[in-house]
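We will go stop by stop.

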Amino acid sequence: MPVQDKATDPVAIDRFFKISERGSTVGREVRGGFATFFAMAYIIVLNPIILGSAKDMYGNQLDGGQLVTATVLTAAFATLLMGVIGNVPIALAAGLGVNTVVALQLAPRMSWPDAMGMVVLAGFLVMLLVATGLRERVMNAVPASLRKGIAIGIGLFIMLIGLVDSGFVSRIPDAAHTTVPLQLGSDGHLNGWPVLVFALGALLTLALIIRKVPGAILISIVTMTVVALVVEAVAEVPSWGLTTPKWPGNPVDTPDFGLIGELSLFGGFGKVGILTGVLFVFTVLLSTFFDAMGTILGVGDEAKLMDEKGRLPGINRVLFVDGIAVASGGGTSSSAATCFVESTAGVGEGARTGLASVVTGALFSVSLFLTPIATMVPSQAATPALVAVGFLILAGSVKDIDWSDFTVAVPAFLAMVTMPFTYSITNGIGVGFITFSLLRLAAGRGREVPVAMYVVSAVFVFYYAMPALGLT
């Protein structure tokens, strides 16, 4: 009898991934892997647009084609790792929100390699917290309502970025001598084909989401890219912004790995100082920390993988892979990778094991050779996804805030509005932490505040006082 290769032996695969044990089949896992990939493939286009539109302190921008390669490579590596080590149907890719932190807060204060070095440090810190068992303890130090407020703030910030990058709203120049910061369109009105493409894309995305169409965001991006290609071919469009929608000719090309390994671990501290650098690393950490934890537990519950105590067996392996994903995102210059809630699309198809993640990771690997297609998508076709994601974050979190307890509701509110209004996730987190600690003290409930919250709040107070103290 011929000897069956263990790598392809159905029995060995079933035993390794515990497919039958979890009540699934290989077919369901494969279908689930495909569903998850198509539900989150929009990140291949969206992440390069967010990072590629920003400049570092020297005016340098990251190359779009190289960003596509970096984004796909990181997603493929992290998702395959999650499948093999974590054995859960959770896929990972560059996180929306944290890529904004990197693009708009870190990069303008340092070089791109410096910024990516801080992302790697945040990943190392995540792994250290997991290894020491502190990650879950740190998570418990921040009240659930404040965590939700921070998540909503990131969602609103993402939405504002989508509106600005699409041209739907624009900054009023200082020459106008007005205190109003933003206006509709470029001159107070909506003009031009690109803005129309964005508006139609936003409506299409939201309509598909309402209809619960699988892969709604990806379908919208593809559809509006086709519309933009037609518009560019038949109309005179002065400018689409960063990317003009034109068919690249050959849709297949060799991946460009030029950004891989372009990082400086500690160079950023020399640019912004130790305290600011630590806060930047902390912001990257926090931007991925709670979002990943919520996604892991949410997907685990949806897939019925939780034990009788509501805990996910082997969660430390899953969390450790998440830490590796954060660090690997910095190492490829694609920003921190994190767990995607779109993994529930695969769970909906019956996925219960890491085999689904292996399938999703393999599909990302194939996408490495389709860079020309991703780099022809204009921001007006991709940014409607940011508006939709912002809405989904708000809709999924606002109801979980305890609005009856003002000592936590007010900090949550201030955190969520400070982020978009100051264009800074760090500011939102800092204001939320400080006001929570102070309001609990004012209410005579100071003992209910974990020591870790007091420490972090004090650090933020010192950070905001630095300019007045002449330390910046």
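Where does valine 252 lie? Select it and look at its neighbours in sequence. Valine 252 sits in the loop between helix 10 (216-234) and helix 11 (267-272). Keep in mind that this is a predicted model.

**Stop 1: a surface patch**

**Stop 2: an aromatic cluster**

Next, select Phe282, Phe433, Phe460, Tyr463 and Tyr464 and show side chains. Ring pairs link these residues into a cluster. How many aromatic pairs does the model hold? The count comes to 13. Zoom in on one of them, phenylalanine 282 with phenylalanine 460. Their ring centres are 6.2 Å apart and their planes meet at 65 degrees, so this pair is edge-to-face; the cut-off for that class is over 60 degrees. Colour by helix to see what the contact joins. Phenylalanine 282 belongs to helix 12 (residues 274-302), and phenylalanine 460 to helix 21 (residues 451-465). The pair therefore ties together parts that are 178 residues apart in sequence.

Is phenylalanine 460 buried or exposed? Phenylalanine 460 is buried, because its relative accessible area is 0%. Phenylalanine 460 also forms an aromatic pair with tyrosine 464. This one is stacked, at 6.3 Å centre to centre with 25 degrees between the planes. The two residues are four apart in helix 21, so about one helical turn separates phenylalanine 460 from tyrosine 464. Tyrosine 464 has 33% relative accessibility and so counts as partly exposed.

**Stop 3**

Now select residues 193-210, which are helix 9. Helix 9 has 18 residues. From first C-alpha to last, helix 9 reaches 26 Å, close to the 26 Å expected at 1.5 Å a residue. Which residues of helix 9 are buried? Colour these: Pro194, Val195, Val197, Phe198, Gly201, Ala202, Thr205 and Leu208. They cover an arc of only 160 degrees around the axis, so they lie on the same side of helix 9.

Notes
Residues are numbered from 1 along each chain as its sequence is written. This is a predicted model: local features need pLDDT of at least 70, side-chain atom pairs count only at pLDDT 80 or more; totals for chains, interfaces and linings use all residues. Side-chain values use heavy atoms; hydrogens and water are left out. Rings of Phe, Tyr and Trp (its six-membered ring) pair if their centres lie within 6.5 Å; planes under 30 degrees apart count as stacked, over 60 as edge-to-face and the rest as tilted. Buried means under 20% relative accessible area, exposed over 50%, partly exposed in between (1.4 Å probe, protein chains only). The expected span of a helix is 1.5 Å times one less than its number of residues. The arc is that of the directions from the helix axis to the C-beta atoms.
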